[in-house]
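Hi there,

Here is the structure I promised to pass on. My notes on what turned up in it follow below.

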Amino acid sequence: LEQTRNFTQEAIISNVDLLSSRKAFDIKLPVLGPYMVDYTSNGRYLVIGGRKGHLAIIDWKKSQLITEIQVAETTRDVKFLHNELFFAAAQKKYTYIYDKKGVEIHCMKEHTSPLKLEFLPHHFLLVTIDKFGNLRYQDTSTGIMIAQHRTKLGHCRVMQANPYNAVIGLGHNNGCVTMWSPNVSSPLVSMLCHHGSLTAVAFESQGQQMVTAGVDGKVKIWDLRKFTLLHSYFSRLPAKCLDISKKGLLAVGQSSCVEIWKDALVTKQQKPYMMHRLVKGSQVQDLSFCPFEDVLGLGHAEGISSILVPGSGEANFDTFVANPFESIKQRQEMEIHSLLDKLQPEMIMLDPKEIGSIQRTPKENQKMKSGQSLEANNIAAIRAGKTLVLKKKTKGRNKPSRRLKRKQDNIISARRPLIEEQQLKYKAIPKKQKVLDDSVPRALARFVKKQ
């Protein structure tokens with residue numbers, strides 16, 4: 001069988017329908033690059049930002065330029081806010097917010113020398129990290145500075161938000177990934193992931209896996225439920241950017257090559273699902289999967305590109321969350337509803353399921369966990385006893401009633417070590433001894449009032 005990684009974009013475009021073929025394009029902008037890219041939550045609009053100050057919003061499905069400005073200043077990152085009406089740009093000195101027409105709305109002087117931007121749509125929080133390692137949270141609906149944290153780990157160029165719990169992940173030069181919340185001044189989790197500085201971090205949409213890349217040439221998959229390493233991949237060159245689609249496809253950008261891996265988060269794969277090479281001399285700077293489309297947007301030194309990745313997009317969308325075909329009236333209603341449903345920063349935590357649950361004492365937690373482990377061991381013992389293959393007896397000794405009795409005996413014998421262990425544990429608990437008063441005769445001790 002022919003391997004899918006050998007399929008070129010020209011071959012894919014020639015075999016898809018006309019509307020899908022228009023979704024793949026290249027815009028050459030060799031002077032003002034390299035470029036950063038970002039899509040809106042419904043995948044309809046694309047914002048691009050060149051390192052030399054070129055900013056633009058594109059309705060990429062209609063191939064229509066919405067706005068284009070030149071700020072004549074170094075721009076390190078761009079990010080849409082709650083919809084396409086506003087976007088933020090991390091420029092040389094401050095963070096700026098522009099509207100859809102390219103008019104400067106705000107100059108956020110508290111966010112000095114920003115390197116990376118993130119926006120938390122459910123909390124309306126704009127998050128920035130500067131070159132000194134200061135992490136800042138600002139509410140874009142009220143303008144209030146929610147929190148400022150000093151990471152104390154120096155220069156940081158890697159930042160990614162976990163879409164499941166809105167926790168911010170930072171990649172540092174010492175090989176650690178730290179996870180932050182605006183409610184705590186110290187990191188919630190600190191993990192040593194690489195023997196060298198990190199170059200990219202990405203989170204899966206359900207918040208269960210994390211992918212990291214470092215200068216040591218490794219791409220590692222981590223299980224965030226146990227904070228353990230699942231498996232790792234070797235890359236020929238250090239990966240510069242990562243992204244995970246809604247369907248679990250992993251995109252890895254390194255040098256002038258982009259690799260897309262399928263099912264790489266679940267099991268270790270031997271070869272990539274797809275590969276795409278840029279023109280010679282062009283370096284990948286940023287990449288992002290388009291929501292609800294089989295499209296991957298690339299920002300590189302020669303401009304921007306859009307390539308087709310079959311099976312990467314979520315086909316079923318919820319119009320109450322994101323509507324790719326929304327009208328102006330629907331967008332206005334969505335903005336009002338999202339403001340009414342806005343979550344407070346205090347609700348950002350590692351496990352959102354703890355919200356509304358009962359807070360137990362450590363002793364109660366230990367008792368509950370021991371009970372759960374005992375129940376799990378009992379279930380495993382019963383399952384082992386039931387699956388045990390019974391020997392066939394001679395005639396008259398292999399009746400159904402006798403076989404059932406032997407099966408029950410097997411279950412009891414499998415559970416016996418657990419029961420004995422539990423009995424020994426209860427026996428080991430010292431009993432409280434009664435203290436007798438010597439001044440009272442032994443025969444009358446039972447009538448003495450207990451204190």
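Let me start with Lys116, which is buried at a relative accessible area of 17% (buried means under 20%, exposed over 50% and partly exposed in between, with a 1.4 Å probe and protein chains only). Before I go on: this is a predicted model, in which local features need pLDDT of at least 70 and side-chain atom pairs count only at pLDDT 80 or more, while totals for chains, interfaces and linings use all residues. Residues are numbered from 1 along each chain as its sequence is written, and side-chain values use heavy atoms, with hydrogens and water left out.

**Salt bridges**

What does Lys116 meet in a salt bridge? Its partner is Asp77, at 3.8 Å from N to O (a salt bridge is a side-chain nitrogen of Lys or Arg within 4 Å of a carboxyl oxygen of Asp or Glu). Asp77 sits in strand β6 (residues 75–80) and Lys116 in strand β10 (residues 114–120), 39 residues apart (strands are DSSP runs of E with at least two residues, helices runs of H or I with at least four, numbered from the N terminus). Asp77 is buried too, with a relative accessible area of 4%.

Glu118 and Lys79 also form a salt bridge, again with 3.8 Å from N to O. Glu118 belongs to strand β10 and Lys79 to strand β6, so this pair ties together parts 39 residues apart in sequence. Glu118 is buried at 8% relative accessibility, and Lys79 is buried at 16%.

Lys342 and Asp139 meet at 2.6 Å, N to O, in another salt bridge. This one links the loop between α3 (328–340) and α4 (362–387) with strand β12 (residues 134–139), 203 residues apart. Both Lys342 and Asp139 are buried. The whole structure holds ten salt bridges.

**Aromatic rings**

There are seven aromatic pairs (rings of Phe, Tyr and Trp, the last by its six-membered ring, with centres within 6.5 Å; planes under 30 degrees apart are stacked, over 60 edge-to-face and the rest tilted). Tyr39 and Trp60 have ring centres 6.2 Å apart and planes at 75°, so they are edge-to-face. Both of these residues, Tyr39 and Trp60, are buried. Phe317 and Phe325 make a tilted pair, 5.9 Å centre to centre with 55° between the planes. Phe325 is exposed, at 61% relative accessible area, whereas Phe317 is partly exposed at 33%.

Enjoy looking through it!

Best wishes
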